[in-house]
Amino acid sequence: MPVFTRFSGSSQPGDGVPGAEDEPAGGEREEGERGASAPAASRTPFGHRLTRLRTWRTRHPRTARALRLATTALAAALVLGALLLPNTLPALKAVSFARIPAEAVIGAVVVLALPRRPRLVAAVLYGLGLTVLTTVNLLDMGFNEYLGRGFNAALDWDLLPDAQAYVEDTLGGGVATAAAVGAVVLVLLVAAVMVAATIRLATVLARHRVRATKGALIAGTVWVTCSALGLTLFGGPIASERGAGALRVHAQRTVESLRDEAAFVQQSKADTFGNTPPGQLLPDLRGKDVIFTFIESYGRSAVEDPIMAPGVDRTLDTSTKALEKAGFAARSGWLTSATYGGSSWLGHSTTMSGLWIDNQRRYRTVSAGDHLTLTKAFQKTGAWDTVGVMPGVQKGWPEEKWYGLDKLYDSRDLGYRGPKFSWSTMPDQYALEAFQRQVHGKKRDKPLMSFVILTSSHQPWAPIPKMVGWDELGDGSVFDAIQKAGNEASDVLTDTTKSREEYGRSIQYSVTSLTQWLERYGTDDTVLVFLGDHQPIARVSGNGASRDVPVSIVAKDPKVLDKVAGWNWTEGLKPGRDAPVWRMDSFRDRFLKAFGSTPHPSTG
């Protein structure tokens with residue numbers, strides 16, 4: 001009877017037959033081997049390989065057993081590692097994996113309770129779930145490292161093409177293509193490995209059902225006890241639900257983002273100055289040439305970090321004195337940016353619109369509408385010509401209408417024939433000189449409002465341009481030798497200290513270019529407002545750094561700065577540590593009110 005029970009097929013090893021879970025290594029059977037006779041199986045290629053595998057295992061029982069144990073241990077390590085993987089690089093430490101994950105205990109219980117076919121299906125689904133968990137954790141690491149926030153599944157897929165374009169501009173098309181293909185292959189590889197690992201563990205647990213059940217019971221009891229008592233190890237709870245918690249956070253983030261999008265549509269329709277007549281907009285700036293300039297990645301860390309600040313502060317002090325000598329005065333404060341580490345257009349649009357635009361969906365929503373931007377307010381008056389100078393724009397840019405720009409000068413319009421500096425299409429000094437030559441220096445019937453975006457301080461800060469004589473700029477070919485002698489982007493990207501040093505130098509270059517341009521070409525009627533769009537990436541600005549960026553107003557006419565005296569900003573180009581800090585979306589309304597605009601709200 002025992003013989004009949006063992007081989008007749010009425011019961012299977014691992015499904016409750018006494019002794020089956022402890023078969024000797026030499027006679028152990030994988031579940032895929034059951035139900036087919038050796039002669040029938042050997043007639044197929046798979047059966048032939050299976051027969052050879054059986055023969056090898058029979059001849060080398062110890063090696064086969066060691067291989068099985070190693071494979072099982074690796075599978076367990078992969079599953080536990082995926083369940084306990086942190087979502088930030090600073091948390092990626094060995095102690096983070098010294099936990100008991102609840103998801104592993106629950107998974108074992110489910111596997112032990114299911115018959116063979118449902119058990120395999122559950123194992124595959126579990127492996128795919130671990131793939132999703134690992135992928136979002138890795139995305140979180142990248143987003144936290146570069147943008148200071150976690151990945152948002154509802155919003156951030158739109159940023160992937162921009163990320164690929166950045167890699168292509170920085171490291172070349174081949175690297176960008178390889179990175180894209182590598183990312184897809186990596187996800188597929190993780191899926192294959194995780195599914196194989198979970199199937200392996202499910203098979204082993206079923207084969208050793210009695211001992212596995214006892215182990216799951218003990219692990220569950222320990223987990224509940226540690227959770228109830230709040231026991232910790234190496235600064236963290238022993239009882240972990242990290243995997244489920246991470247997926248729950250992402251699900252909640254997605255739902256909240258979708259709700260936020262609907263609410264923002266209504267919010268963007270309301271505008272404090274939406275119905276203000278043209279004659280009541282900016283009356284105290286009539287006759288002035290007003291320039292709004294963003295310096296890429298110009299953040300608070302640049303003027304306060306011990307590595308970067310000494311050089312940047314010297315540049316700000318020197319520039320302040322040079323401008324004073326030329327008759328200009330400046331006031332400076334802080335704005336808290338809506339973005340961090342990248343997505344500069346979110347900072348630009350937040351400042352100009354008075355709305356908090358911290359994701360791509362909000363940006364698309366508001367830029368497709370008619371919410372009044374600060375730049376468009378100048379156009380609406382009819383008292384200014386309005387232009388945009390954007391050397392970073394390399395294709396059509398429909399947002400120029402929303403910004404209220406009569407004319408846009410992008411990278412194709414500025415006559416540059418020199419080399420690119422990594423992502424930046426041209427040095428700031430050249431862009432400003434081209435602006436002077438083609439726009440600012442020309443006679444016109446109306447004063448000019450300009451919206452200028454400088455790009456030389458864009459990551460990866462290698463190679464960095466150097467100042468040349470303003471009369472030597474020509475078509476930009478003078479920068480060929482400077483670009484060739486500069487650092488390689490790949491060298492700076494992989495070195496945190498060098499990234500911080502080069503970032504500081506890039507800010508010095510951009511500030512010097514702008515202030516020297518103002519000394520050279522500014523007039524009694526020039527009003528310059530310049531600021532950063534966001535802090536540099538976390539690897540440069542530091543973990544936990546603020547989102548603050550410096551903002552300065554520079555003018556010769558003392559009446560201009562008198563209008564903002566109530567802002568209590570610091571004198572000069574360097575804002576004091578105790579200077580006021582405002583949200584970036586508050587700037588538009590403060591600026592409009594300071595220069596005489598009268599609110600007439602619209603409700604949409």
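**Close-up views of a predicted model**

**View 1. Asp524 forms a salt bridge with Lys556.** The closest N and O atoms of Asp524 and Lys556 are 3.8 Å apart. The model shown here and in every other view is predicted. Asp524 sits in the loop between helix H20 (496–521) and strand E10 (526–532), while Lys556 sits in the loop between strand E11 (548–555) and helix H22 (558–562), so the pair ties together parts that are 32 residues apart in sequence. Asp524 has a relative accessibility of 54% and therefore counts as exposed, the cut-off being over 50%. Lys556, at 26% relative accessibility, counts as partly exposed.

**View 2. A salt bridge links the side chains of Asp271 and Arg588.** The N to O distance in this pair is 2.8 Å. Asp271 belongs to the loop between helix H10 (242–267) and strand E5 (289–295), and Arg588 belongs to helix H23 (residues 587–594); the pair therefore ties together parts that are 317 residues apart in sequence. Asp271 and Arg588 are both buried. The salt bridge count for the model comes to 17.

**View 3. Arg583 and Asp585 form a salt bridge.** Their closest N and O atoms are 2.7 Å apart. Arg583 counts as partly exposed because its relative accessibility is 43%, whereas Asp585, at 14%, counts as buried because the limit for that class is under 20%. Elsewhere, a network of salt bridges with shared partners joins Arg300, Glu304, Asp548 and Arg577.

**View 4. Leu114 lies in the loop between helix H5 (102–113) and helix H6 (116–147).** Its relative accessible area is 26%, so Leu114 is partly exposed. With neighbours within four places in sequence left aside, Leu114 is in contact with Arg119 and Ala122. The C-alpha atoms of Leu114 and Ala206 are 9.1 Å apart in space, and the two residues are 92 apart in sequence.

View 5. Which residues of H4 are buried? They are Ala64, Arg68, Thr72, Ala75, Val79, Gly81, Ala82, Leu83 and Leu84. An α-helix has 3.6 residues a turn, so residues three or four places apart point the same way.

**View 6. Strand E6 (residues 329–336) is mostly covered.** Six of the eight residues of E6 are buried. In a regular strand the side chains alternate between the two faces of the sheet. The pairing of E6 with E11 is antiparallel and extends over eight bridges. Within that pairing, Leu335 has Val549 in E11 as its bridge partner.

**View 7. Strand E6 also pairs with strand E12 (residues 570–571) and is joined to strand E13 (residues 581–583).** How do E6 and E12 run relative to each other, parallel or antiparallel? They pair in the antiparallel sense, over two bridges. The bridge partner of Ser332 in E12 is Thr570. E6 and E13, in contrast, run parallel and are joined by three bridges. Trp334 stands opposite Val581 in E13.

Methods:
Residues numbered from 1 in each chain as written. Predicted model: local features only at pLDDT ≥ 70, side-chain atom pairs only at ≥ 80, totals over all residues. Heavy atoms only, no water. Salt bridge = Lys/Arg side-chain N within 4 Å of Asp/Glu carboxyl O. Helix = DSSP H or I, 4+ residues; strand = E, 2+ residues; numbered from the N terminus. Buried < 20%, exposed > 50% of the residue type's maximum accessible area, 1.4 Å probe, protein only. Contact = heavy atoms within 4.5 Å. Pairing = 2+ DSSP bridges.
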